[in-house]
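Here is a short briefing to read with the model open beside you. Please have the sequence and the coordinates at hand as you go through the points.

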Amino acid sequence: ETYFCADDKCNGYGAEFTLTPPVTTMTTTQTTTTLSKAITTPMTTITTTIMTTTTTKTAFQCYECSGADCGREGAAVMMNCPKCMVQRNPQDETIIERRCCWWSCGPSNSVSTYNGLETYFCAADKCNGYGAEFALSPAGKTTTTTTTTTTTTAMQTSTSVTTPTTPATTITTTTIGITTTTTAEKTSFQCYDCSGQECGRDGSSALSNCPRCMVYRNPNDQTIIERRCCWWACGTSNTVSDYNGIETYFCAADKCNGYGSEFALGPPVTTTTTTKTTPSTFTTSISITSG
């Protein structure tokens with residue numbers, strides 16, 4: 001696939017964005033090496049066999065951030081992700097969201113619908129970095145409207161005064177203005193969007209225009225707290241419910257998912273990993289022939 005142009009240095013930096021996104025290739029190699037060495041003498045024969053197996057990588061580093069500088073070196077990264085993903089912010093599609101996908105991820109190097117959003121999935125370290133968003137459809141325009149209703153009521157009072165010395169009538173008119181202002185209920189909030197020990201305190205990463213804030217435990221290590229902006233299918237405010245298979249607390253106020261909100265969740269589940277080691281066996285065959 002090739003892009004052509006006709007101008008001085010028109011094939012410089014940026015021209016490559018007219019091409020379709022790069023395809024990240026995940027190569028799974030299983031190598032079995034057999035080495036046979038035979039030493040034969042009139043009296044002794046020794047045969048040795050060595051086998052080597054390479055396993056498939058199933059956990060990756062993924063960018064976990066949003067905005068202009070997200071996806072470049074130095075941006076926030078999440079470890080041990082089953083897959084990486086990229087999607088557009090549903091409130092402002094010019095903002096790119098780069099995330100770790102923990103569950104129900106799509107096939108690697110493909111675009112599919114994930115929780116109602118067009119999402120690109122990949123399986124390699126930091127494969128959701130800058131440039132991966134070009135696999136998505138172009139950004140649409142999103143308009144947010146806040147409605148304020150103002151009602152003005154005018155009340156007119158007429159007073160008639162008649163003096164005994166003159167037949168003239170004086171009319172005094174008083175106008176009283178009553179203004180009633182109705183402000184629409186707030187529907188978007190600032191939410192912490194980070195994880196780890198320092199997340200949820202002043203200075204932590206936060207997103208704006210979130211429909212809800214949420215808090216849940218990292219499914220791979222439940223001692224790690226994830227504080228996120230909830231964009232779709234959010235639970236009722238100030239409740240704990242199941243969200244994509246994970247116990248999640250939802251709230252609707254600026255930075256309400258800060259430090260302390262995790263106490264609404266159940267205690268972390270401790271996982272014990274048992275490693276079983278099987279010793280290798282080395283077999284030597286010796287054949288002795290007497291003369």
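Let's begin with one arginine and its surroundings: leaving out residues up to four places away in sequence, Arg-217 touches Gln-222, Ile-224, Ile-225, Ile-246, Glu-247, Glu-262, Leu-265, Gly-266, Pro-267 and Pro-268, where contact means heavy atoms within 4.5 Å. Please keep in mind that this is a predicted model, in which local features need pLDDT of at least 70 and side-chain atom pairs count only at pLDDT 80 or more, while totals for chains, interfaces and linings use all residues. Residues are numbered from 1 along each chain as its sequence is written, and side-chain values use heavy atoms, with hydrogens and water left out.

**Arg-217**

- Arg-217 belongs to strand E15 (residues 212-217); helices (H or I, at least four residues) and strands (E, at least two) are DSSP runs, numbered from the N terminus.
- This arginine is buried yet has no salt bridge. Buried means under 20% relative accessible area, exposed over 50%, and partly exposed in between (1.4 Å probe, protein chains only).
- A salt bridge would need a side-chain nitrogen of Lys or Arg within 4 Å of a carboxyl oxygen of Asp or Glu, but Glu-247, the nearest side chain of opposite charge to Arg-217, is 5.5 Å away. For charge, Lys and Arg count as positive and Asp and Glu as negative, and His and the chain ends are not counted.
- The side chain of Arg-217 does reach two backbone oxygens: that of Gln-222 at 3.0 Å and that of Gly-266 at 2.9 Å.

**The sheet around E15**

- An open sheet of 5 strands runs in the order E13-E16-E15-E18-E17, with antiparallel pairing. Its edge strands are E13 (194-195) and E17 (239-243), each of which pairs on one side only.
- Two strands pair if DSSP finds at least two bridges between them; E17 and strand E18 (residues 246-251) are joined by 5 bridges and run antiparallel.
- Within that pairing, Thr-239 has Phe-250 in E18 as its bridge partner.

**Disulfides**

- The structure holds 11 disulfides, a disulfide being a pair of cysteine sulfur atoms within 2.5 Å.
- In one of them, the sulfur atoms of Cys-62 and Cys-84 are 1.9 Å apart. This pair links distant parts of the chain, with Cys-62 in strand E3 (residues 60-63) and Cys-84 in strand E6 (residues 83-88), 22 residues apart.
- The S-S torsion of Cys-62 and Cys-84 is about -80°, so their disulfide is left-handed. Cys-62 is buried at 0% relative accessible area, and Cys-84 is buried at 0% as well.
- Cys-230 and Cys-234 form another disulfide, with 2.2 Å between the sulfur atoms, and at -110° about the S-S bond their link is left-handed. Cys-230 is buried at 0%, whereas Cys-234 is partly exposed at 26%.
- Cys-251 is joined to Cys-256 with an S to S distance of 2.0 Å; at 90° about the S-S bond, this link is right-handed. Both Cys-251 and Cys-256 are buried.

**Positive phi angles**

- Most residues other than glycine have a negative phi.
- Ser-104, not a glycine, has a positive phi of about 50°. Ser-104 sits in the loop between strand E7 (96-101) and strand E8 (110-114) and is exposed at 65% relative accessibility.
- Lys-255, also not a glycine, has a positive phi of about 55°. Lys-255 is found in the segment after E18 and is partly exposed, with a relative accessible area of 33%.

Definitions and conventions: A polar contact is a pair of N or O atoms within 3.5 Å; within protein, one must be able to donate a hydrogen and the other to accept it, and residues adjacent in sequence count only if both atoms are side-chain atoms.
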